[in-house]
Amino acid sequence: VTPASTHLLLVFLTATIATVYTVDNCRQNRHPLHLLSQICTPQNSAITFAGNRTIAIDSIKFSIETKADLFKAKGIAYECLFLIRNNVRRDYNSPVFHSRCCPSSSEDIIEAYKSSADILFREKKDFLGLIARAHQQEADIDNDESTAPFCWDGRDSYQSISVGAGFNSFGALVSANANGIDPNMSDGSAAIERWSKCCSYFRSCDKELECFDQTNASDSLCCELGEGLDHHLILPALREPSVSVRLKINNVGKGEVVSETINIEQEGSLRMFDVSGVLWPAGYLLGLCLSNPISCGVPEVMDAVTSNELHDGQQPIAIELGAGVGFSSIAFAKAIQYHEKKANNKQQNGVPLIVATDISNPSLALITSNAYKNGVGNLVLALDANHTDPKMLSSISQQIASPSGEGNELKDGFDVIIGSSLQALFDGTSLQGAALWQSLDALLSKKNPNAVVILSHVGTWDEKIELPPSPSESLFECVRRISGDHFEMKTRDGKNSDFELVLLRRRRSML
């Protein structure tokens, strides 16, 4: 055996030997595992199961198929995935870590969640209503601790701090060589690595991990995403059960900007290849903008909402195409909430402000769950719709945004259309008959001169939105383009943002 081969063998063996952690390690590092603690009681742990059945799998199936409580089922599934992936030692003195609580395989947990959810979607036509009622019934139970990242000061305490208070970015807070991170990494790559080590749901149980600045312990490390931070670089966070975003919302009535954190559930590890089940950078940018359109540089969005007196609270104001996890619609609903007259009118009438569309049942479930979880469940309506089908969109516009009835003859279409990374629509936009222009024409109001469209996309390559070269050939015109640099969404190597917002409206001569 050569020295070189011996070295390779040692490297291989080192890589395959995982660290084994104890219960105390994990609980000291902010993994309370409280859902498993509730269901895996000593009495239940004495039950004998056949095959791959465990207490957790039975609880997941019951929560979804009987209660339509995907949130609780997801929490149980992720707590088991955490134990499995972090190689937490089975402790037969603790029911939470007992082998009859969670299965030994991640695949068994994932399959239990997916199969039960698919049964709910297939057998219950009103599954969105059932999910909404489950959230309303559990409104007084706070389960955020098990799935969402929080600001942490390294002493196992939770804090709510404003973005930018005491630090400029995650990368600036932790020293370059902390936690074994390569000091030669770019700032962006180092920030991603630090977030993964300190903020990921699957972060290590290593209690020696330092996730706060030792030189200034009063500064808190915040795992939230937000304007001015470089956390957007972790998106899409494909494995994570949720992400938390700090929004800056313009409170028009009081003339101030308020900060509010919203927690967005994802499918993450439970549906790894479902692209609509996680928050993407373009959707994140759109949501940041819509939470404060004036600061974003698109005051026309709020003008479209507030200036149209044709709407009397009986129809939705806006529609999102391909809403995914619903982040942009929720952020926009939060902004409109601060226009109290509009929001209160909608709430009293039971009419949603925003219709959030998608063709994926898991996404529709996420939109509903996230809307209720963040206090706008009565303002955001999830709707199954294909944004590449103009006929379907015309039907939605006529039935939802322009219902028939006395006084409704002046109402047509939506005042605001939003969307992000709609690859099926963003192809070939320089052509007059492109799918994007047909879809927008089917939905956007012709009677409201202030009606607008705001889209977020990669501002380069094939996804870049370009209008037909001859203005006379286009139904729409570009009002403004805003770079992701407005929200400091630099690339991981510090270059200008890949993303941009495009504000569109009907061509003036077409009105």
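Student: What should I know before reading the values?

Tutor: The model is predicted, so local features need pLDDT of at least 70 and side-chain atom pairs count only at pLDDT 80 or more, while totals for chains, interfaces and linings use all residues. Residues are numbered from 1 along each chain as its sequence is written, and side-chain values use heavy atoms, with hydrogens and water left out.

Student: At what angle do helix α8 and helix α17 pack?

Tutor: Axes are lines fitted to C-alpha atoms, for helices over the stretch in contact, and angles run from 0 to 180 degrees between N-to-C directions. Helices (H or I, at least four residues) and strands (E, at least two) are DSSP runs, numbered from the N terminus. Here α8 (residues 127-137) and α17 (residues 361-373) pack at about 30°, with axes 9 Å apart. That makes α8 roughly parallel to α17 (angles under 35 degrees count as such).

Student: Which residues in α8 and α17 meet?

Tutor: Contact means heavy atoms within 4.5 Å. From α8 come F127, L128, I131, A132, H135 and Q136, which meet N361, L364, A365, T368, S369, Y372 and K373 in α17. These residues divide into seven nonpolar, five polar and one charged (Ala, Val, Leu, Ile, Met, Phe, Trp, Tyr, Cys and Pro count as nonpolar, Asp, Glu, Lys and Arg as charged, the others, Gly among them, as polar).

Student: How many residues has the largest nonpolar core?

Tutor: A nonpolar core is a set of buried Ala, Val, Leu, Ile, Met, Phe, Trp, Tyr and Cys residues joined through side-chain atoms within 4.5 Å. Buried means under 20% relative accessible area (1.4 Å probe, protein chains only). The largest core has 100 residues, and F332 and I454 have the most contacts inside it. Helix α6 (residues 70-85) supplies the largest share of this core, nine residues. Apart from it lies another core, of 28 residues, among them I396, A451, L455 and I465.

Student: What does I454 touch?

Tutor: Not counting residues up to four places away in sequence, the partners of I454 include L286, C289, I417, I418 and L503.

Student: Is L321 buried or exposed?

Tutor: L321, found in strand β6 (residues 318-321), is buried, with a relative accessible area of 0%. Leaving aside neighbours within four places in sequence, L321 is in contact with residues including T357, H387, I417, I418 and L443. The C-alpha atoms of L321 and L455, 134 residues apart along the chain, are separated by 9.7 Å.

Technical notes. Parallel < 35°, antiparallel > 145°, perpendicular 65-115°, else oblique. Buried < 20%, exposed > 50% of the residue type's maximum accessible area, 1.4 Å probe, protein only.
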